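Here's a quick tour for anyone meeting this structure for the first time. Have the chain and the 3D view open as you read.

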Amino acid sequence: MTVPAPKQSGGKPVTMLNSLTESDYHFIRDLVYEHSRINLGDGKRELVFARIGKRMRLNGISSPEAYCELLRSTQGLTELGHLIDVISTNHTHFFREYAHFEFLQQVVLPEWRNLATGQRMNVWSAASSSGEEPYSIAMALDRWMPRLNLDLDWRILATDISSRMLDRAREGSYKASAVEAIDRDWRSCFNKEKVDGELQYRVKDHIRRKVSYHQINLLGKKVPKEATFDLIFCRNVMIYFDRQTQTELIARLQAALKPGAYLMVGHSESLGGIDHGLRLIRPSIYRKTP
Ligand SMILES: C[S@@+](CC[C@H](N)C(=O)[O-])C[C@H]1O[C@@H](n2cnc3c(N)ncnc32)[C@H](O)[C@@H]1O
């Protein structure tokens with residue numbers, strides 16, 4: 001069976017086949033797992049088919065089989081990055097799971113009051129998607145530190161596997177609806193601008209400069225060095241991994257935390273059943289023993 005054909009960029013219509021065979025699905029599922037450790041399991045065939053449609057159209061390819069051939073070819077590695085991009089879920093928003101920000105304000109920052117002026121503080125937003133999470137942290141630190149008379153040299157490392165998300169995040173420009181959904185008070189952290197006639201909010205320069213973006217696979221070789229971070233947000237990414245991968249990731253995050261530093265995971269992510277040396281402080285908030 002076929003579905004109506006969208007036009008290829010060159011104008012030539014491409015007829016799309018509307019199913020993915022089990023063996024093509026397994027090939028794509030295994031490739032995605034090998035590269036990103038995202039665990040699609042057995043039940044995501046329809047979803048994967050829907051998501052690769054755009055990549056097939058952009059490549060002028062009409063069948064999933066031919067798309068798998070492209071992935072196996074010498075250009076496969078470049079396409080693999082795009083595949084991971086369309087497969088992964090990038091949903092995020094400003095000040096998501098606000099309890100973590102309250103904890104930052106009420107517990108973490110008061111503890112930082114004992115530190116020497118100018119001390120370097122490193123925060124990691126691991127799996128930062130399109131930037132709303134690291135910019136929320138940056139806006140919070142920028143506003144709350146002076147209120148507590150904290151004068152520390154803080155920086156945020158924001159990383160993601162998706163180069164498309166990282167490009168968006170670096171731009172720091174968001175739809176009006178995304179910014180107008182958060183508390184009005186935070187709007188002073190943005191400049192309004194018109195992009196193609198549409199109102200957008202761009203994170204102010206002095207806040208954007210505090211965040212540096214790098215492409216890092218959390219299960220790859222480039223994960224930051226031992227005992228580097230005073231605070232890590234690694235939220236809403238573990239849910240896509242199997243238990244073994246989650247265990248490996250938590251060991252890496254634990255190693256990357258300085259003694260006494262905090263780790264925030266997503267509200268629906270539990271470290272229950274994982275052998276780790278972190279102390280549970282509150283639901284979804286952990287601390288490395290000081
Ligand atoms: C749902 S978003 C979470 C964004 C943000 N942390 C939040 O909670 O709002 C998940 C992000 O994880 C990224 N991701 C998936 N697998 C990854 C991996 N192996 N290494 C790094 N990032 C990964 C995806 O590209 C996506 O941007």
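Which residue with a positive phi follows H2? That's Gly 60, with a phi near 65°. Before going further, bear in mind that this is a predicted model, where local features need pLDDT of at least 70, side-chain atom pairs count only at pLDDT 80 or more, and totals for chains, interfaces and linings use all residues. Residue numbers start from 1 along each chain, as its sequence is written.

**Two domains**

- The chain splits into domain 1 (2-87) and domain 2 (99-173 + 205-288), with bounds that come from an automatic or database domain assignment.
- Between the C-alpha centres of domain 1 and domain 2 there are 32 Å.
- Domain 1 puts 7 residues into the contact and domain 2 puts in 10 residues; two residues are in contact if their C-beta atoms, placed from the backbone, lie within 7 Å.
- On the side of domain 1 that touches domain 2, helix H4 (residues 76-87) gives the most, with 3 residues. Helices (H or I, at least four residues) and strands (E, at least two) are DSSP runs, numbered from the N terminus.
- That side of domain 1 has 2 nonpolar, 3 polar and 2 charged residues. Here Ala, Val, Leu, Ile, Met, Phe, Trp, Tyr, Cys and Pro count as nonpolar, Asp, Glu, Lys and Arg as charged, and the others, Gly among them, as polar.

**Helix H2**

- H2 (residues 45-58) has 14 residues and reaches 20 Å from its first C-alpha to its last, close to the expected 20 Å. The expected span is 1.5 Å times one less than the number of residues.
- At Ile 52, H2 bends by about 30°, the bend being the angle between axes fitted to the seven residues ending there and the seven starting there.
- Ile 52 is also buried, as are Val 48 and Met 56 in H2. A residue is buried if 20 or more other C-beta atoms lie within 10 Å of its own, exposed if 12 or fewer, and partly exposed in between, with C-beta atoms placed from the backbone.

**Strand E12 and its partners**

- E12 runs antiparallel to E10 (residues 257-265), joined by 3 bridges; strands pair if DSSP finds at least two bridges between them.
- Tyr 286 in E12 is the bridge partner of Leu 263.
- E12 also pairs with E11 (residues 278-282), again in the antiparallel sense, over 4 bridges. Ile 285 in E12 stands opposite Arg 282.
- The hairpin of E11 and E12 has 2 residues between the strands, and Ser 284 there takes a positive phi near 70°.

**The loop between E3 and H6**

- Ala 127 sits in the loop between strand E3 (120-126) and helix H6 (132-147). Its phi is positive, about 80°, although Ala 127 isn't a glycine.
- Ala 127 counts as buried because it has 26 C-beta neighbours inside 10 Å.
- Ser 129 is found in the loop between E3 and H6 too, and it has a positive phi near 50°. Ser 129 is buried, with 25 other C-beta atoms within 10 Å.

**Pro 110**

- Pro 110 lies in helix H5 (residues 99-111), and it counts as exposed because it has 11 C-beta neighbours inside 10 Å.
- Pro 110 and Leu 148 are 38 residues apart along the chain, and their C-alpha atoms are separated by 7.3 Å.
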